[in-house]
Every structure is written in structure tokens, then in C-alpha cells.
Amino acid sequence: MKPIYSKAQLGYMKAKTQFEKQAVILEKKIEDTRKTQEVTQEVMEGLVQTTGFHDAYNNLVLAENELIEWSHTTMKHEKTYRENRQPIDDMYLRLNSDPEMRAQIIDLAMKIR
């Protein structure tokens with residue numbers, strides 16, 4: 001049976017897929033550009049914009065934020081959350097200052113059914 005995903009989970013998966021596609025396109029453009037010129041910061045910024053990588057990154061961050069918010073809201077109805085409220089809330093407080101915690105929360109949010 002196919003898993004059922006929430007709107008936030010589907011949005012995240014779509015944004016992540018698009019980001020990964022744009023990253024491949026950007027890498028190819030960088031390789032092609034290196035053949036004809038030096039890739040300076042200015043050139044790199046131009047490539048990031050023209051390939052759509054910047055927009056894909058911004059969309060991914062927005063989708064991650066929506067997923068995180070959805071997971072925190074959804075989790076509040078679970079018995080496990082009520083029993084461990086403080087440690088879980090502390091995890092969510094650290095997500096903007098700790099990239100590993102953010103990744104862990106996103107991974108856990110994708111497992112919620």
C-alpha cells in the first residue's frame with residue numbers, strides 16, 4: 001500500500017526534487033563555464049541566478065519551514081509529545097541554530113503518517 005503524505009510532506013518532496021535537479025544543471029553550467037573562463041564569485045552568482053538554483057533553494061527552505069511547522073503542530077496531539085514536551089520543544093527551538101538538528105527534524109517529519 002502506498003503511503004499517504006500530508007500537503008507539507010508533498011510540498012517538501014517536490015521542492016527537494018526540484019532543488020536537486022537545479023543543482024545538477026548548475027554543476028553542468030559550472031563545468032562548461034570553466035572551459036572558457038575563470039569561475040569568479042561574480043560569475044558563480046550569475047550562474048546561480050540563471051540556472052534557477054537560487055529560486056529552487058529558496059523554495060526548498062520555505063517547504064522545509066512549512067514541513068517543520070506542520071510536524072510540530074501535528075505532534076502536539078500525540079501522547080509521546082505530551083509526555084516529553086520540554087525536550088521536544090527544545091529540539092524545535094534549536095533548529096535554526098543547529099543545521100544537524102534541522103536535518104533531523106525534517107527527517108523525522110517525513111516519517112509522520
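The largest pocket has a volume of about 250 Å³. The model is predicted. The pocket lining comprises Ser71, Thr74, Met75, Glu78, Ile88, Met91, Tyr92, Ile105, Leu108, Ala109, Ile112 and Arg113. By class, 8 of these residues are nonpolar, 2 polar and 2 charged. Three helices, α3 (53-75), α5 (85-94) and α6 (99-109), each supply at least two lining residues.

Helix α5 has three buried residues: Ile88, Asp89 and Tyr92. They lie on the same side of α5, because they cover an arc of only 100° around the axis. The cover over these buried residues includes α3, α4 (79-83) and α6. Exposed Gln86 and Leu93 sit on the face of α5 turned away from its buried side. Ile88 and Tyr92 also belong to the pocket lining.

A search of the whole structure finds 2 aromatic pairs. In one of them, the ring centres of Phe19 and Phe53 are 5.0 Å apart and the planes meet at 40°, so the pair is tilted. Phe19 lies in α1 (residues 7-34) and Phe53 in α3, so this pair ties together parts 34 residues apart in sequence. Both Phe19 and Phe53 are buried. Phe19 also forms a tilted pair with Tyr57, at 6.3 Å centre to centre and 55° between the planes. This pair too links distant parts of the chain, with Phe19 in α1 and Tyr57 in α3, 38 residues apart. Tyr57 is partly exposed, with a relative accessible area of 43%. Phe19, Phe53 and Tyr57 together form one aromatic cluster.

Conventions
Residues are numbered from 1 along each chain as its sequence is written. This is a predicted model: local features need pLDDT of at least 70, side-chain atom pairs count only at pLDDT 80 or more; totals for chains, interfaces and linings use all residues. Side-chain values use heavy atoms; hydrogens and water are left out. On a 1 Å grid over the protein atoms alone, a cavity is a set of points where a 1.4 Å probe fits but cannot get out, and a pocket is an open set with protein on both sides within 12 Å along at least five of seven lines; lining residues have an atom within 4 Å of a point. Grid points are joined across faces, edges and corners, and a volume is the space filled by probe spheres set on the points. Helices (H or I, at least four residues) and strands (E, at least two) are DSSP runs, numbered from the N terminus. Ala, Val, Leu, Ile, Met, Phe, Trp, Tyr, Cys and Pro count as nonpolar, Asp, Glu, Lys and Arg as charged, and the others, Gly among them, as polar. Buried means under 20% relative accessible area, exposed over 50%, partly exposed in between (1.4 Å probe, protein chains only). The arc is that of the directions from the helix axis to the C-beta atoms. Contact means heavy atoms within 4.5 Å. Rings of Phe, Tyr and Trp (its six-membered ring) pair if their centres lie within 6.5 Å; planes under 30 degrees apart count as stacked, over 60 as edge-to-face and the rest as tilted.
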